[in-house]
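Here are my notes after a pass through the model you sent.

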Amino acid sequence: MRKRLIITNAIMVFLSMLILLSISVYTISNVNYNNKSKELKNYLWLVEEIYVGDNTSEVIHIFSETDKNIRITFIDVKTGMIIADTNGITDSDDHSNRLEIKSLGKVFKRYSNTLKIDMMYVAAINEANGVYIRISIPSSSITPVVENYIVVGLVSMLLILGISLSIMWPINKEVLKPLNEVVYKMRLITGNPDFTNSDSIEEISYNIDQISDLLKSQIGETMREKEKVEYVINSISQGMIVIDSTEKIIMVNDYVSSLLKVSKSAIIDKNYIYAIRDVSLQEEVRKALTGQEFKSLDIHVGKNTYYASITKVENKVILLLSDVTTFRNIEIMKREFFANASHELKSPLTSIIGYQQMINEGIIEDVEEIKSATTKTIREANRMNNIIIEMLELSKLESNLNFNIEEIQVSAIVNEVISSLEPKIKEKNITITTNLDPLNVNISNDHLFMLVKNIVDNAIKYNIENGSVDISLKNNILSIKDTGIGISSKDQSRVFERFYRVDKAKSKESGGTGLGLAIVKHICNIYNYDLELTSSLNKGTAIKIRFVK
């Protein structure tokens, strides 16, 4: 194998030098050609200077004596025939179509039919005497120089090749030593140290292939295990951040990358404060890393709330982020709901108990006063009953139970609602005008009834005496507009909240619960209806619902 390597190297050296020689020969040939071309043009210039028209023989004689290889030819411009020639050649051929005649001043190389050899030609015109002057020399005059160079080059190549072989032979063995050492170290890495030094590239190559296959197998197995771990980590619906003892992040999953809107590479190997911006959480992580007592806590990222669970494993801290926004919002809503509900129920219940205690204890003895107190008690009981009923309705809507969906004509429900509210309409002398196009929607009958009734009921409750309510249904939009007290701009964003009332005194007087518009909004959310409210104080309110067919 060593011989083969040396021979291969020798051949490479020989080919390299052969290419160099070929390039050199080509270059020298071009240089000689260019020199000969200049020489031809110089001869042509001299002939032009000497020739005066009647000294043809003299000119030919002078240059023939100077160089036997130079051929001077005088050609008649009109006929193209040779007038005189250095070699004494005359023929009747028309030479005006020759390349050197067509392109005066340019050097051409071509085969001469007359002399039967390759020649170099250049020509000029002497207009005063009506002749072409042509100078030519054999191109073979360049060849000896090139041949000599080739011979010298080949001899030099053989000498260099011999020297190269004598140098490469002893060096080759030393070259293989580092390779053997590398192969041995590679085998140690793979756990297979059995190896004997070799002076054969083929054996070393075979050993390297074996090591490569083993490493590929081990790397492949490692990558498969890594992919499994990454798949599991990236599949969990929690953010995971692993921090080492140097406070650097060594692992994050896709959830964290999406949550923080940064690539993994932007935070890996960075201090944990690059990813954790919450000061309280930073402090707890620091405590965990330094062996102090720590605790898990809630953090806020944008509009969402995350529960940050901290775990210490050996010298690393694992941080799990769980989205608890919905749970925390539900807890807040529950607290607010119970606080508002207890407050709303406490007021009528206090009135009922107060009136009944005054009657029971004889504080009120007059029949008319007792009748008035009883009437107020009944009104407060009805109000409390309405609150409880609407709370239950809202609770049903929020429970996302399966509703009986059917195709219902909206105009029929509107008319049904108007009929059910007829006593209230007559009590305040409200004028109801309707302009209803036919429209069927897929919805629960009870939901559509509650939706329309709560809006129309508010339009009546908070309207002025002798006011009006305009109800229209056009292009999938139900519009209910009243001439009531209106809603200020600061209150418009909150009127759909539970138990929120713009005018608490008027709402209490009219029996309002503060849940009607909250129910309306929830129904619209369930069916993806667009809900729009516009209002101005003392000018009335308009509510529009865009149905989705």
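1. First, a word on terms: a residue counts as buried when its relative accessible area is under 20%, and as exposed when that area is over 50%. Bear in mind that this is a predicted model.

2. By that cut-off, helix 12 is mostly covered, with 13 of its 17 residues buried. The helix takes in residues 445–461.

3. What does helix 12 pack against? One partner is helix 15 (residues 516–527), at an angle of about 140° and with the axes 9 Å apart. The crossing of this pair is left-handed.

4. Now the contact itself. From helix 12 come His447, Met450, Leu451, Asn454, Ile455 and Asn458, and they meet Gly516, Leu517, Ile519, Val520, Ile523, Cys524 and Tyr527 of helix 15. Sorted by type, the residues of this contact are nine nonpolar, four polar and no charged.

5. Which residues have the most contacts inside the largest nonpolar core? They are Leu448, Leu451, Tyr529 and Phe547, in a core of 40 residues. At least two residues each come from helix 10 (410–420), strand 13 (440–444), helix 12, strand 14 (468–474), strand 15 (477–482), helix 15 and strand 17 (540–546). Helix 12 gives the largest share, nine residues.

6. Leaving aside residues up to four places away in sequence, Leu448 touches Ile408, Val410, Ile413, Val441, Ile443 and Phe547. A separate core lies apart from this one; it has 22 residues, including Ile276, Leu297, Ile299 and Ala308.

7. Asp269 is not a glycine, yet its phi is positive, about 65°. Asp269 sits in the loop between helix 6 (254–260) and helix 7 (279–289). Is Asp269 buried or exposed? Its relative accessible area is 52%, which is over the 50% cut-off, so Asp269 is exposed.

8. The other is Asn466, again a residue other than glycine with a positive phi, near 65°. Asn466 belongs to the loop between helix 12 and strand 14. With a relative accessible area of 53%, Asn466 is exposed.

Methods. Residues numbered from 1 in each chain as written. Predicted model: local features only at pLDDT ≥ 70, side-chain atom pairs only at ≥ 80, totals over all residues. Heavy atoms only, no water. Axes fitted to C-alpha atoms, helices over the stretch in contact; angles between N-to-C directions. Helix = DSSP H or I, 4+ residues; strand = E, 2+ residues; numbered from the N terminus. Left-handed = near helix turned anticlockwise from the far one by under 90°. Contact = heavy atoms within 4.5 Å. Nonpolar A, V, L, I, M, F, W, Y, C, P; charged D, E, K, R; others polar. Core = buried A, V, L, I, M, F, W, Y, C linked by side-chain atoms within 4.5 Å. Buried < 20%, exposed > 50% of the residue type's maximum accessible area, 1.4 Å probe, protein only.
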